[in-house]
Amino acid sequence: MTFWVTIKRVTRYGLLGFFRNGFVSLSAIFIMTITLFVASALIIFGAALNSVLKDLTTKVDITVYMMVDATDDQIQSLQQSVKTLSQVSSVEYISRESALATFEERHKNDQLTLQALQSLPDNPLGASLEIRAKDPSQYAAISKYLEDYQNSNSSSGIDRINFVQNQVAIDRLTYIIDASHKTALTIAIILGIASLLIAFNTIRLAIYIARDEISVMNIVGASHWFVRGPFVVSGFMYGVLSAIIVLVILYPLTVWLGPPSEHFFGTFNVYSYYVSTFPLLALILLGTGAILGSASSYLAVRRYLQ
Amino acid sequence: MIYFDKVTKIYSSGSAPAVEDITLGIEPGEFVSIVGHSGAGKSTLLKMLFAEVFPTEGSVFFGSRDINALSQKDLRILRRNIGTVFQDFRLLQTKNIFENIAFALEVAGKSDADIEADVPHVLDLVGLSDKIWNFPNQLSGGEQQRVAIARAIVNQPDVLIADEPTGNLDPVNAHDIVEILKKINDLGTTILLTTHNKSIVDSVGRRVVTMDRGRIIRDDSSGKYVL
């Protein structure tokens, strides 16, 4: 028998079995849809978490407040020096004027403070440098460098470095970011394994129902591939159809959850994420579904082969 | 053609043997009825012939080949050369009658054209041409058994094993099935039949092997059912 004839017959029986065992197929698809839905929810939640963590990370910085009388030269040489550090991702210069504008904006409803400010002969605020690290764990090193710079250079023009004050907060944030990553990964692994086992067991049950048929096929002298093939084809169909169902369900769901997700996560919009990563998401879900369905069938039939 | 050489089968250690020290030869073209009470070891003996059960001791030969020494591939080829019919029909419930019979041809690698020609022909032989597109659950017990026989003979096997084929059937249907088996035997196929049914054995009037508690207690070349 040629290879193609076997493929044709196996595929035909796989498709026939899929439609004729309608109820079994329906329950297998239902369970696999839930499995793949959990998988996609984990992917999306992971992306949301990453986006939130990224936002938080950019909000952490070290602010170096310069003396009111610090010269442009002093500020520029500090800025140049910090920029050369490999851990630093950006250095932003806030001039005395913009510091004042920000202060006035922040206290626009506080007439007393504004009057006090206006009564002063000069702008009391110094310029500042906002330094961002590539990674939150590197702030300690940058802060150390700045302190050394301040101590070794009497005319550095530095008034104070606020990292020391924020150190506890930054350390805690670093810890939270790290812990969130680990927790999310652990939850993802546990949920992933649980849904995998449930899907595998459902397919095993579907094949258990067909065990008498398998024994007949064995007695008639069918090769292992001829017995196994149709089940693998049906399993493949369960997986692919479930993936398509999940992709379709996700569309209205993400449209609905788009605005609230943006409100909740800051910059992360679940709908934009779904649209922008659709090809990748489809590939992952279809691939996982197809492999999970066909591999489960392949393994489950094995014990009934003689 | 078929030779059981001092065959013993013990299913679990400590239990009594299902089949004990059996030596039995069967020639091509014979129609052998194997009779005995339930648990006498009839089915176990037949199952060893198509290697659904392996002997604990001794060997089973088909032609000159030891069945228990066959590779997986040779075993499948052997099974295609032995037709099997069971009390519970064992049809593929999700396949229609055409597909049930075509399946046996497909696993043997027959072409689509041969299948299209052979299936109606064999269904005609068992008198079920009009049920070709029905599913097993739409057929009566007698009809299902005739489909099972059609499937068993469609590959033109050398041997047809019928394990209590009339056990679930009324006397009229049982008689029809035996007539079909006789017709197949007349065409040259060796038949091994196990049954409880005295009138069937007596009506066949060929060799009768009587078993009791795993042993052969009588072997008559043109015997009757005696227990």
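**Entry 1: V126(B).** I looked up V126(B) and found it buried, at a relative accessible area of 3%. Buried here means under 20% relative accessible area, exposed means over 50%, and partly exposed is in between (1.4 Å probe, protein chains only). V126(B) sits in the loop between α4 (112–125) and α5 (141–153) of chain B. Helices (H or I, at least four residues) and strands (E, at least two) are DSSP runs, numbered from the N terminus. I then listed the contacts of V126(B), setting aside neighbours within four places in sequence: R146(B), I149(B), A150(B) and I180(B). Contact means heavy atoms within 4.5 Å. I also checked E116(B), which is ten residues from V126(B) in sequence and 17 Å away in space, C-alpha to C-alpha.

**Note on the model.** This is a predicted model, in which local features need pLDDT of at least 70 and side-chain atom pairs count only at pLDDT 80 or more, while totals for chains, interfaces and linings use all residues. Residues are numbered from 1 along each chain as its sequence is written, chains are lettered from A and ligands numbered from 1 in the order in which they are written, and side-chain values use heavy atoms, with hydrogens and water left out.

**Entry 2: K182(B).** I moved to helix α6 (residues 171–186) of chain B, where K182(B) is found. K182(B) counts as buried because its relative accessibility is 18%. Its side chain reaches the backbone oxygen of S203(B) at 3.4 Å. Beyond neighbours within four places in sequence, K182(B) touches F31(B), S203(B) and V204(B). K182(B) also meets E179(B) in a salt bridge (3.6 Å, N to O). A salt bridge is a side-chain nitrogen of Lys or Arg within 4 Å of a carboxyl oxygen of Asp or Glu. The two residues lie three apart in α6 of chain B, about one turn of the helix. E179(B) is partly exposed, at 35% relative accessible area.

**Entry 3: other salt bridges.** I get 20 salt bridges over all chains. E30(B) pairs with R207(B), the closest N and O atoms being 3.0 Å apart. E30(B) lies in the loop between β2 and β3 (31–35) of chain B and R207(B) in strand β9 (residues 207–212), so the pair ties together parts 177 residues apart in sequence. Both E30(B) and R207(B) are buried. D212(B) bridges to R213(B) at 3.9 Å between the closest N and O atoms. D212(B) is partly exposed at 25% relative accessibility, whereas R213(B) is exposed at 68%.

**Entry 4: a sheet in chain B.** I traced an open sheet of four strands, antiparallel, in the order β2-β1-β4-β5. β2 (19–26) and β5 (65–66) stand at the edges with a single partner each, so one side of each has no neighbour in the sheet. Five bridges join β1 (residues 2–9) to β2(B); strands pair if DSSP finds at least two bridges between them. V7(B) stands opposite I22(B).

**Entry 5: chain A against chain B.** How many residues does each chain give to the contact? I count 21 residues from chain A and 26 residues from chain B. The rule finds five salt bridges across this interface. One of the salt bridges in the model joins R12(A) to E99(B), with the closest N and O atoms 3.5 Å apart. I also noted a salt-bridge network linking K8(A), R9(A), E106(B) and D112(B).

Technical notes:
A polar contact is a pair of N or O atoms within 3.5 Å; within protein, one must be able to donate a hydrogen and the other to accept it, and residues adjacent in sequence count only if both atoms are side-chain atoms.
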